[in-house]
Amino acid sequence: MRFLLASVALLATQASAFVAPSRGSAAASASAPATSLDASRCGNYDYDVIIVGCGVGGHGAALHSRSQGLSTAIFSGGDVGGTCVNRGCVPSKALLAASGRVREMRAEDHLSEFGIKVEGEVTYDREGVARHAKQLANRVKGNLEGSLTALGVDIVEGRGVLVGGGGGAGAVEGVHEVKDETSGKVYTAKQDIILAPGSIPFVPPGVTVDEKTVYTSDGALELQSVPQWVAIIGSGYIGLEFSDVYTALGSEVTFIEALPNIMPTFDREIAKQAERLLIRDRPIDYRTGVFASEVTPGIPGVKPVTIKMIDAKTKEHVETLEVDAAMVATGRVPNTANMGLESVGIETSRGFVAVDSKMRVMTKHGEDGVVVPNVYCIGDANGKMMLAHAASAQGISAIENICGRTHEVNHDAIPAACFTHPEIAMVGPTEEQAIERAAKEGWTLGKSQGSFRANSKALAELEGNGMAKVLYNKESGKVVAVHIIGIHAADLIQECANAVAAGTTVQELSMMVHTHPTLCEVLDEAFKGAVGMAAH
Amino acid sequence: MKFIAGISSTTALICLLSWTDPNSASAFVPSSSSSSLSSSSSSFVGYARNDASVVVEPNARARRETSLNAEAIKITMPALSSTMKEGRVVTWLKSEGDEIEAGEAIMVVESDKADMDVEAFEDGYLAKILTQEGETAEVGAVVALVAALQGDIASIAEGGGGGDEPGGAAAASAPIAAEASPAATAAAGGGGGAAPDVEFSRLDMPALSSTMKEGKVVSWLKSEGDAVEAGEAIMVVESDKADMDVEAFEDGIIAAIITQEGEAAAVGSPVALIAANEADVPALKAYAAILAGGGGSPPPPPASAAAVAAPPAAKAAPKAAAASAASAGGRVVASPMAKAMADEMGIDISTVVGTGPDGRITASDVQNAAMSPPAGAAAKKPAAAKVPSWTPAAGVIAATPTARALAKKAKLDLATIAGTGEFGRVTADDVRMATGEMKPKKKSVVPGGGGPAPVELPEGLVPFTGMQRAVSNNMEKTLDCPVFRASREIEMDAFNELYQQVKPKGVTVSALLAKAVAKALEKHPIVNSSYRKEGTFFNKDINIAMAVAIDGGLITPVLKNANERGVLDLGEDWKGLVDKAKTGTLKPDEYNSGTFTISNMGMFGISQFDAILPSGQGGILAVAGTQEYIVPCKQAVLGMKKISKMTVTLTCDHRQIYGADAALFLKTFSEIMMSPKSLV
């Protein structure tokens, strides 16, 4: 599951704005003292690298750390696997896989086009579906833990808390100590500490969560019930994926979105298609521009969940809903409280830790921030891109920098996907952002489309709905962004992410051969279209 | 929304202006729709229209002008694929001088991808073929000339111009014009009077891709009467590439939907009318009905589109009438906001008391009404709801999203529908029940429940299939025939023993039965005869028909000359016939050439039955199941033994076959069955 706070986009831009000017000084201050510290601390440490947080980000950092021959410890805080594995991407895929099959097998019209008929009613066992999700999470968690121990990473059970030299002196001396909150033992890092504490669901004020009738994604993934009618507050990735699960299992859904548009974080054109494919043709309605100002849990069978909605602008009451359940999917906030950040002089903004482009922690957001030596922060806690694989990439990047090889993650080349049926996937900015960027940077934006309706494989699957949109720089030919909605979009985006990362041009891509007949040809059509060629 | 520019035919527009009232014509053309008005062609259309001849003028003066301009309609080589540069005319399906109708295939063109029929786009007469069969023409080149009027054929064929000899041609064509083109005249007349003098815009089928010829309206996101804003998605159109939302380009109210959901319309043809003012909706509805019929639409759509467009026209008309009647009856004055809100909240706006100027219902009136629902509705709800323990809070609409959407579409007040969902909420099924779309589940007769769920039984008329119809007709025919029946019990032990012996060789009961009956018929040809008015017709061949129940019907494949053939041969033949019967591939000769029929229900354990005699045959033998009996037997140890018996019943046509014939036949048959060695 991709966690995206409605405000993240805003935050990310703030972040990049302040990183740029401080980069020069930060780089200078980091490299010089590092060597001297190495010398002074020699022989008096527990590990080369200590990682706080054992989610996908911390895991990625730990694996790379070991591959570089660094002795490594990771603080799990009792949560090996973190949000992604235990309460996010992984179990939600299990729910989507199971519910997707139910949807497919109940779609009589669609099946009859294949010449298939399902006799009788397709049923499911809610507990069985929930168990599949739980078992998958446990298994992936076991694999993840196994890979850590196999590679010689020491897992510290407790939660890691930074120990400062006192009086917030971190900025001067660097931070090298982490305390196990459970045992009280203090571990020392020879080189660096990587913070990867992750995030927790955000619950807006006025919303009471009982995790039974009113729940966040944490509770939703347990699938304690399949409500007749569920309200989903927030129409980002999480909300959209759960609407897919719920409607497939027979629920009706009402989205409550605070912003004026449904699916506000998506490219508008994609959002419009998504609205048709994922909302309009399903038992879903929505309210936009309203806050769920007061959400009171219910008691199943006795009293419904009450949701009072107010206008986002005027704050006047507009409507009250009485539903069976409410899911709060209004984004996520960093899990950075009480981990000793203040004690080493790190100020957070709404919980987010400021980092530079090399993932080094800054004392604060904005131009006044300076690099805190030897401390890195990756993943959701820095708010740059709240995606599991982004966290992992940042972790690997941090290790590269720790090893003295300057590395910066190109966030424009990190793909993202929403695993609805059909899927939505993207890499790079939205068209709206790309237009702005092109105007600001003085290049011409080109746009080319491929369609699933014209794709043999998609037609064979009777899944002709969807489109792929390639945005590119007309002068250089380089791919700027790709947005796909359609069957298996999440698997199709990789080629595009690689192209963005490698700076491949549409001219080059248009000459690369795509397998026939595959869904990839949707992209082939778009690449060829960009250079005035016809694919079919 | 995109419009394809098409081939803008200026002449058509000018003509239009010349015979329509200038005011109404301008109403036609609010800037944005003017291009779509004249855009009739996508890249596939094989016509460059030269339009003076399209419009038949209703008065003499105008007609003379037309004739003066009587130019040819040009048929050009169409682009049948995006890569096609030139096309070869494979065949002309029409000859010079032939009358052609819009939508009729007139030539076959070979492109780089395939051979395709090219259809005429307008009615007329093929005046001159310029590209002969086998010749090639570039895309866009003129391959033939079409005259709108028969009288113009000669002049067009000669000079291609037609306007050279005004006097004679005009005089000659005048009566023919009136005769030959009543449709066009009607169209012109209708068009002239149709466009109402009100502010509206036309929503045309947009070209969503360069290759799109027509689009199917997948769904309307707005209903007639709904307010739309510029930029708002109002329908989903399926093109050859993708389903896409089509947005309104102006604010207004959807006055009339011309192309219904699931129907297709040609690119550029009108699919809906959007009124600027609500008061104009009835007038536009009437106009839409004319447009849907193709009458007032200046660019005639291709035949395929016209064909699908026709039915809605008929539908639209009564609807329009009903709508205007309703608005005349109890007109509700409410602000658009109030209406939208009432719709949203599922409140019947006619029940809301207006407090605005002149009693107009305002948004806050609707809100107040929602907060304090009318006493009737409040009293009704708890009584009807199955889950009465929960009373929704004030202002809460207890209905699921789908229920709301359905109720809105059906224009039902949710408050009048009893909810059966959680907390007494109205569900989609409740609404469907209220609209009659769904039937309530049959209540269990047994009170208290607890027993097994009631079986879902089919209900209502199911039309006969072709086979079922044939069976029922044949059965009715048999009522003219006087029949009698004779039954006999036959001991089956010997037969069963033989069957067990020959079964491994692949001999079947059906084959043995057919053979035994055929053998008996050999000795009693009268039972194999047919009744004729003149006398008894003896059939030379013994063809045994046997009834087979197949899915949804009954058929009687025939084993021909069964008396002369071996049982193995018969068995194999029979297997093939049954397979053919199941796949519906029996030839008539294989099921209607029987001279005698066997109906065997032995395998179902039937103890005795009689069959209806098929007309044209003399007899039918109903074969029941074998049953075991204990009979006295002096030789046996206990003085009794166990035997197997089967009852057969012969039905005969008494007009030529008598009781004794039947009795003797059954006796012979019984003997054969009791010493069956001769069968194999």
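1. A polar contact is a pair of N or O atoms within 3.5 Å, where, within protein, one atom must be able to donate a hydrogen and the other to accept it. By that rule, 12 residue pairs, both members at pLDDT 80 or more, are in polar contact across the interface of chain B and chain A. The model is a predicted one.

2. The interface also holds five salt bridges between chain B and chain A. In one salt bridge the side chain of A:Lys272 meets that of B:Glu247, at 2.4 Å from N to O. On the chain B side, the elements that each supply at least two residues touching chain A are β13 (233-238), β14 (243-247), α11 (363-371) and α13 (401-409). Sorted by class, that side of chain B has 15 nonpolar, seven polar and 10 charged residues.

3. As to extent, 29 residues of chain A and 32 residues of chain B take part in the contact. About 2,400 Å² is buried between the two chains, and carbon and sulfur atoms give 46% of this area.

4. Helix α13 of chain B deserves a separate entry. Its buried residues are B:Pro401, B:Thr402, B:Ala403, B:Arg404 and B:Ala407. Just after this helix, B:Lys411 takes a positive phi of about 55 degrees. Further on, in the loop between α13 and α14 (428-435) of chain B, B:Phe423 has a positive phi of about 55 degrees although it is not a glycine. B:Phe423 has a relative accessible area of 7%, which is under 20%, so it counts as buried.

5. Overall composition of the chains is as follows. Chain A has 16 helices and 25 strands, and chain B has 20 helices and 27 strands. In chain A, buried residues make up 56% of the 536 residues; in chain B, 43% of the 680 residues count as buried. Taking contacts between residues at least 6 apart in sequence, 66% of those in chain A join residues at least 24 apart. The corresponding share in chain B is 63%.

6. The largest nonpolar core has 77 residues, and A:Tyr246 and A:Ile424 have the most contacts inside it. Helix α14 (residues 489-502) of chain A gives the largest share of this core, eight residues. A second, separate core has 51 residues, including B:Ile542, B:Val567, B:Phe596 and B:Leu679.

7. A:Asp244 lies in helix α9 (residues 237-249) of chain A. Its relative accessibility is 0%, so A:Asp244 counts as buried. Not counting residues up to four places away in sequence, A:Asp244 touches A:Leu96, A:Ser99, A:Arg103, A:Leu278, A:Arg282, A:Thr420 and A:His421. One of these residues, A:His421, is joined to A:Pro422 by a cis peptide bond with omega near 0 degrees. A:Pro422 sits in the loop between β21 (415-418) and β22 (423-427) of chain A.

8. There is a cis peptide bond between A:His516 and A:Pro517, with omega about -5 degrees. A:Pro517 is in the loop between α15 (506-511) and α16 (521-530) of chain A.

9. A:Asn473 is placed in strand β24 (residues 466-473) of chain A and is buried, with a relative accessible area of 13%. Its side chain reaches the backbone nitrogen of A:Glu475 at 2.8 Å. A polar atom of the A:Asn473 side chain also lies 3.1 Å from the backbone nitrogen of A:Ser476. Leaving aside neighbours within four places in sequence, A:Asn473 is in contact with A:Trp443, A:Thr444, A:Lys478 and A:Val480.

10. A:Cys377, in strand β20 (residues 371-377) of chain A, is buried at a relative accessible area of 0%. Outside four places in sequence, its contacts are A:Leu195, A:Val353, A:Val355, A:Met359, A:Val361 and A:Asn382. The C-alpha atoms of A:Cys377 and A:Ile51 are separated by 9.4 Å, with the two residues 326 apart along the chain.

11. A:His488 has a positive phi of about 60 degrees and is not a glycine. A:His488 is found in the loop between β25 (479-486) and α14 of chain A. At 40% relative accessibility, A:His488 counts as partly exposed.

Terms used. Residues numbered from 1 in each chain as written. Chains lettered and ligands numbered in written order. Predicted model: local features only at pLDDT ≥ 70, side-chain atom pairs only at ≥ 80, totals over all residues. Heavy atoms only, no water. Core = buried A, V, L, I, M, F, W, Y, C linked by side-chain atoms within 4.5 Å. Buried < 20%, exposed > 50% of the residue type's maximum accessible area, 1.4 Å probe, protein only. Helix = DSSP H or I, 4+ residues; strand = E, 2+ residues; numbered from the N terminus. Contact = heavy atoms within 4.5 Å. Buried area = accessible area lost by both parts, 1.4 Å probe. Salt bridge = Lys/Arg side-chain N within 4 Å of Asp/Glu carboxyl O. Nonpolar A, V, L, I, M, F, W, Y, C, P; charged D, E, K, R; others polar.
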